[in-house]
Amino acid sequence: MTQLRTALDEGGADQVFVLHGLGGCGKTAVASEVFRIATVEGGRAGLWVNAPDLASLRAGLLAVAADRGASEGELTAARNGLRAAADLVWERLDRSGQPWLLVIDNADDPAILREGNWLRTSPGGITLVTTRQVASHWWPGATLHHVGVLPREDAAQVLCDLAPERGTPEEAAEIADRLGRLPLALTLAGGYLAHQVISPWSMAEYGRALERGNEVDPIELLDQGAAYSGAHPSRHLASTTWELSLDALRAQGLPEATVLVRVLSCWSHDPMPLHLLTGPGIDTVVPRARIESALRGLLDHSLTRLVPGPPRCLRTHGVLLESIARGTPADQRDVLVSTAAELLMPVLPEVSRPWARGDPPLAPYVPHTLALLRRAAQWAGVGVGQATTARVLECTLRLAIALHRAGDYASALSVAQEAVARGTSVLGANHPAAGVHRRTGVGSGHRPRIAVGLPPGGRPRAPHRSGRRTEPRLRPGHREPPDPRPAPCPYRGRGVRAHLWDRPSEDPRRTVPAEPDTR
């Protein structure tokens, strides 16, 4: 914004600026503010063209030529193909007696700009383009600016401005975090809160509704706010705005891009190591030879973005992933979840393999394994079968045990706890896959139990429990024998050493119920 304002203030010309980013990230809003500054504060002529397709672009730019003084005869000749329409437009822009700002909005198919030579520079003014297409080869000579999500404070302020009486700034910030601070989602949420008449919700109630998972469809809830915007429905609905980009990719001969983003929707919005997409399981849904082009298509249309490594990662917005998952046909869900599980399996150590200090870190895979578990549970009975759910539970079992062996006890217990809760609800308490998780770390009532040993050379100490103390209990008549098995990792000063046993109830040592560490 600073560079654009400087160009306007200094009477800039012969420049093209391109605002690119994910659909719904506020590119048009930024362009509108630049337009206001140029016309109201800078005295420029403001020219705005909507360019989602060739017909709209052509009609809009001929209207620009008329505004800049083209005669009816010249316009008729251009419409009838008797003279090049683009030449007429830029001839009139070059001869304009007033500096101007031309905004070409929603130019998501830059090929139509190139083929007709519609985009040029001019000594008469500045051109600003908004697009989802990030590939620089489409914009030679232009200055590119990425438009991303809002900072937390600004995102909260959007909600407070739209629904000022519905909650506090901190409640607004919590909703903004849940929505990934995406301007489209914030606008929809604020519109919904501001226009409720019967039993209006507070921001806290809206936030709880977003968190209710299977009870409330978050994308449908967001879309209800679009009724008050009056904007183009396809571009301003969370359920459909990204389908425009996927439609464009299909038209370019890349239907695999849709399948690939559906695989991504089985995982988390956290950075995902790129090498996951090179696993042998990917061939089930996308031919390996097409992965590169499909991924390039998603990147070019700002549907995902690269995060520098190591390891190199992809990051896809959470609202986009929820929208894509919501629109995935039921008959494709089982194979997508199964593929996502098979791609995770090689990076999660087998249960029988002991932890080694040189093992790669597990942290990048924790959110994706848990997100896959939640997606499988969400789709259970509406596309995903029990065999696939059991395979996903095997992923979480590997992860829980590997985390424990690496010394990350709190995360291991948290993963095991969620796996048992979701596995039992989907498969039933007697299913072997759910039973395996209970035996490896969960006691009665699905509460994880850890075996507590003595710190080296010290007395037993109660583990920290987020504001409460839980004292170890000994069974009557039992003394605690020394542990014959090696500790999975060196003592780290926490006062306890913990082990997940196959049958904790049969272990003669004292046990302590434990909650996941929420610090």
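This is a predicted model: local features need pLDDT of at least 70, side-chain atom pairs count only at pLDDT 80 or more; totals for chains, interfaces and linings use all residues.
1. Residues are numbered from 1 along each chain as its sequence is written, and side-chain values use heavy atoms, with hydrogens and water left out.

2. Start with the sheet. It is open and has five strands in the order β2-β3-β4-β1-β5, paired in parallel. (Strands are DSSP runs of E, at least two residues, and helices are runs of H or I, at least four, all numbered from the N terminus; two strands pair if DSSP finds at least two bridges between them.) At the edges sit β2 (45-50) and β5 (143-146), each pairing on one side only. On average, neighbouring strands are turned by 20° against each other, direction ignored. Axes here are lines fitted to C-alpha atoms, for helices over the stretch in contact, and angles run from 0 to 180 degrees between N-to-C directions.

3. Now zoom in on β3 (residues 100-105) and β4 (residues 125-131): they run parallel and are joined by five bridges. L101, for instance, has I126 in β4 as its bridge partner. Helix α3 (residues 54-67) packs on the sheet, touching β2 and β3, with its direction at about 160° to that of β2. Helix α5 (residues 85-94) packs on the sheet too, touching β2, β3 and β4, and its direction makes about 150° with that of β3.

4. Which residues touch the most other members of the largest nonpolar core? Of its 107 residues, they are L128, Y206, L222, W267, L298, L344 and L372. Helix α18 (residues 386-405) supplies the largest share, eight residues. A second, separate core has 30 residues, including L88, V89, W90 and I112. (Such a core is a set of buried Ala, Val, Leu, Ile, Met, Phe, Trp, Tyr and Cys residues joined through side-chain atoms within 4.5 Å.)

5. W267 deserves a click. Leaving out residues up to four places away in sequence, W267 touches M272, L276, L277, L321, A340, L343, L344, H368, A371 and L372; contact means heavy atoms within 4.5 Å.

6. C395 counts as buried because its relative accessibility is 0%, and C160 does so at 15% (buried is under 20% relative accessible area, exposed over 50%, partly exposed in between, with a 1.4 Å probe and protein chains only). L413, in helix α19 (residues 409-427), is buried at 5%.
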